[in-house]
Amino acid sequence: MDIEKRLEELGIELPEVPPAVANYIPGVAVGEVLFLAGTIGQYNGEIPFVGKLGGGVTVEEGYQSARLCGLNHFAMAKHCLGGDLNRIVRAVRLEGYVNSAPGFQEAPWVVNGESDLLVEVLGEERGKHARAALNINELTYDAPVETILTLQIRP
């Protein structure tokens, strides 16, 4: 499967690689594994949803924020892989952190925003992954979601 072609079929345009807000890089490849940095739900520097899930941000808005995290991860992977997304073999592990008000229990459905995107783009077999969806009480810029992705790649 040609990942760039699949993105085009889905009408998806990748954002610019989000700039680092501290002392880190977008990703590190070690052998056949690409560890991507955490990213929040932004698109070319704009953060469309801000705040806590269960405290003003809806599950659907959180889902869309997580989907934006996934778009950023594809942009970061493309950058780290010299522009060749077809080096991605499969999604391995997704960690999702959901900025939650007390009592919010729906983090898994929020993080599905990126999980569903991975399956849409990579297909069922290559896109399914291990995952954690965790509630957290604060995130940078009051973003609703931050995710971290690990991919298997061709060296």
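Which residues does Arg131 touch, not counting residues up to four places away in sequence? In this predicted model, where local features need pLDDT of at least 70, side-chain atom pairs count only at pLDDT 80 or more, and totals for chains, interfaces and linings use all residues, Arg131 touches Leu94, Pro108, Val111, Asn112 and Ser115, contact being defined as heavy atoms within 4.5 Å. Residues are numbered from 1 along each chain as its sequence is written, and side-chain values use heavy atoms, with hydrogens and water left out.

The protein contains four helices and six strands, which follow one another from the N terminus in the order α-β-β-β-α-β-α-α-β-β; helices (H or I, at least four residues) and strands (E, at least two) are DSSP runs, numbered from the N terminus. For 155 residues, a compact globule would have a radius of gyration near 15 Å, and the value for the protein, 15 Å, agrees with this; the radius is taken over C-alpha atoms, and the globule rule is 2.2 Å times the number of residues to the power 0.38. The C-alpha trace spans about 45 × 35 × 25 Å along its principal axes. Of the contacts between residues at least 6 apart in sequence, 82% join residues at least 24 apart.

Buried residues account for 44% of the 155 residues, where buried means under 20% relative accessible area, exposed over 50%, and partly exposed in between (1.4 Å probe, protein chains only). The accessible surface comes to about 7,600 Å², and 52% of it belongs to carbon and sulfur atoms; accessible areas come from the Shrake-Rupley method with a 1.4 Å probe, and for residues only the protein chains shown count as cover. There are 12 positive and 21 negative side chains, and the centres of the two sets lie 7 Å apart. In this count Lys and Arg are positive and Asp and Glu negative, while His and the chain ends are not counted, and the place of a charge is taken as NZ of Lys, CZ of Arg, CG of Asp or CD of Glu.

The largest nonpolar core has 35 residues, and those with the most contacts inside it are Phe74, Ile88 and Leu151. At least two residues of this core are supplied by each of helix H1 (3–9), strand E2 (33–36), helix H2 (59–80), strand E4 (88–99), helix H3 (107–122) and strand E6 (145–153), and H2 gives the most, with eight residues. A nonpolar core is a set of buried Ala, Val, Leu, Ile, Met, Phe, Trp, Tyr and Cys residues joined through side-chain atoms within 4.5 Å. Leaving aside neighbours within four places in sequence, Phe74 is in contact with Ile3, Leu14, Leu85, Ile88, Leu117, Leu118, Val121 and Leu122.

Several strand residues illustrate the accessibility classes and the contacts made across the sequence. Thr147, in strand E6, counts as buried at 0% relative accessibility. The C-alpha atoms of Thr147 and Ala66 are 7.3 Å apart in space, although the two residues are 81 apart in sequence. Beyond neighbours within four places in sequence, the contacts of Thr147 are with Ala37, Gly38, Thr39, Cys69, His73, Leu94, Glu95, Gly96 and Glu114. Tyr97, found in strand E4, is partly exposed at 22% relative accessibility; with neighbours within four places in sequence again left aside, Tyr97 is in contact with Leu134, Ile136, Leu139, Pro144, Val145, Glu146 and Ile148. Arg131, located in strand E5, is likewise partly exposed, with a relative accessible area of 30%, and its C-alpha atom is separated by 23 Å from that of Gly51, 80 residues away along the chain.

Arg126 is found in helix H4 (residues 124–127) and, not counting residues up to four places away in sequence, touches Met1, Ile3, Ile88, Val89, Arg90 and Ala91. The C-alpha atoms of Arg126 and Glu138, 12 residues apart along the chain, are separated by 32 Å.

Positive phi values in residues other than glycine occur at Asn44, with phi near 50°, and at Tyr141, with phi near 60°.
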